[in-house]
Amino acid sequence: MKATTQLLRLSALAMALAIAPSAFAQAWPAKPVRLVAAFPPGTPGDVIARLIQPALQAAWNQPVVIENKTGAGGNLAAGEVAQAKDEHTLLVGPDTILTINPHLYKKLSFNLRASLKPVTYFASFNQTLVCNPAAEITSFGKFVQLPSTRLYASGGAGTPSHMAMEMLLATTGTKLTHVPYKGPGPAAQDVMGRHVDCGFIVSSIVLPHVQSGRLRAIAVSGKDRSGLLPDVPTVAESGHAGFDATFFETLMAPASLPIAIVEKIQRDVRTALQAPGVKARLAEMDLRVEGFSSQEAQLRSKEDFAKWGTVAQRAQLQLD
């Protein structure tokens, strides 16, 4: 009898533990949710957050407040979220905050990868290798034959455009001189002005200039072609199988956020991303909706952290 009673108690305890995470997640959020965007209004992550904000507010029955905190490649926003004292502050920004920044910023007061974890990947995006038409670089083959005296533009040291180009140069054995700019827009302008010959620049920025003929698109950085530039091959298709410099806009959380809440947020975000209006708007920006599970996001983050670490080490990059 005593053994049966003990067995029943253990069974009840097991059921309670199984139900507890679900109940915990259902109780969240208990107050307004802050989405801290690591880059300015109008950048892809910020646009995504604002597009899904109404759906998240409806799903959570709480206000969702978007705040832009920019600087240091996303590290200022990352620090604020990592040190948040509650479970209602999340980070919006590119995956590079967790995959590239830890290799470049060694003197931060907190450990990026230990303090934050990806909740989901909103969408993927590419860089497009573009050249000024007057430079007569009409193919990928001609690009890799450029002499080391030629210049390439990026949106800034340590940015996706810089890292993608460094990866490309290492892959092809090409040597070019880097000219960093304060953002992809100025970089594209100087390629068009022929102050520099080429640049790996985010596709959404260069698209109208490729369509107008002011820039020539040579290759795309990711494993898939751009939906907006379907005739432009990937680097892998251009003779370098396996080359993949895909980047992602992501949602991150403090590492301490319980998994039940993480999974609830991920499910609600994935649903919001599937709305036709959202997908269409993102497609116009050359953003491919992903909606990774938290496990998929963490695995991809780990893989890309290792990949970009190799690139940073080879290029001897450090920004502090």
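Mentor: Let us begin with strand β5, which pairs with β9 in the antiparallel sense over four bridges. Please bear in mind that this is a predicted model.

Buried here means a relative accessible area under 20%. The covering extends to both faces of the strand: Q127, L129 and C131 are buried on one side, while T128 and V130 are buried on the other.

We may now turn to the charged side chains. Side chains of opposite charge can pair when their charged atoms come close. In the whole structure, a search finds 14 salt bridges. One of them joins R34 to E80, with the closest N and O atoms 2.4 Å apart. R34 belongs to strand β1 (residues 33-37) and E80 to helix α3 (residues 75-82), so this pair ties together parts that are 46 residues apart in sequence. R34 is partly exposed, at 23% relative accessible area, and E80 is likewise partly exposed, at 28%.

A further salt bridge is formed by the side chains of R150 and D197, at 2.9 Å from N to O. R150 lies in the loop between α7 and β6, and D197 in the loop between α9 and β8, so parts that are 47 residues apart in sequence are tied together. R150 counts as partly exposed, at 21% relative accessibility, whereas D197 counts as buried, at 9%. Because buried means under 20% and partly exposed lies between that value and 50%, the two partners fall into separate classes.

R288 and D224 also meet through their side chains in a salt bridge, at 3.3 Å from N to O. R288 lies in strand β11 (residues 288-289) and D224 in the loop between β9 and β10, so the pair ties together parts that are 64 residues apart in sequence. R288 is partly exposed, with a relative accessible area of 41%, and D224 is partly exposed at 30%. Finally, salt bridges that share partners join R34, E67, K69 and E80 into one network.

Technical notes:
Residues numbered from 1 in each chain as written. Predicted model: local features only at pLDDT ≥ 70, side-chain atom pairs only at ≥ 80, totals over all residues. Heavy atoms only, no water. Salt bridge = Lys/Arg side-chain N within 4 Å of Asp/Glu carboxyl O. Helix = DSSP H or I, 4+ residues; strand = E, 2+ residues; numbered from the N terminus. Buried < 20%, exposed > 50% of the residue type's maximum accessible area, 1.4 Å probe, protein only. Pairing = 2+ DSSP bridges.
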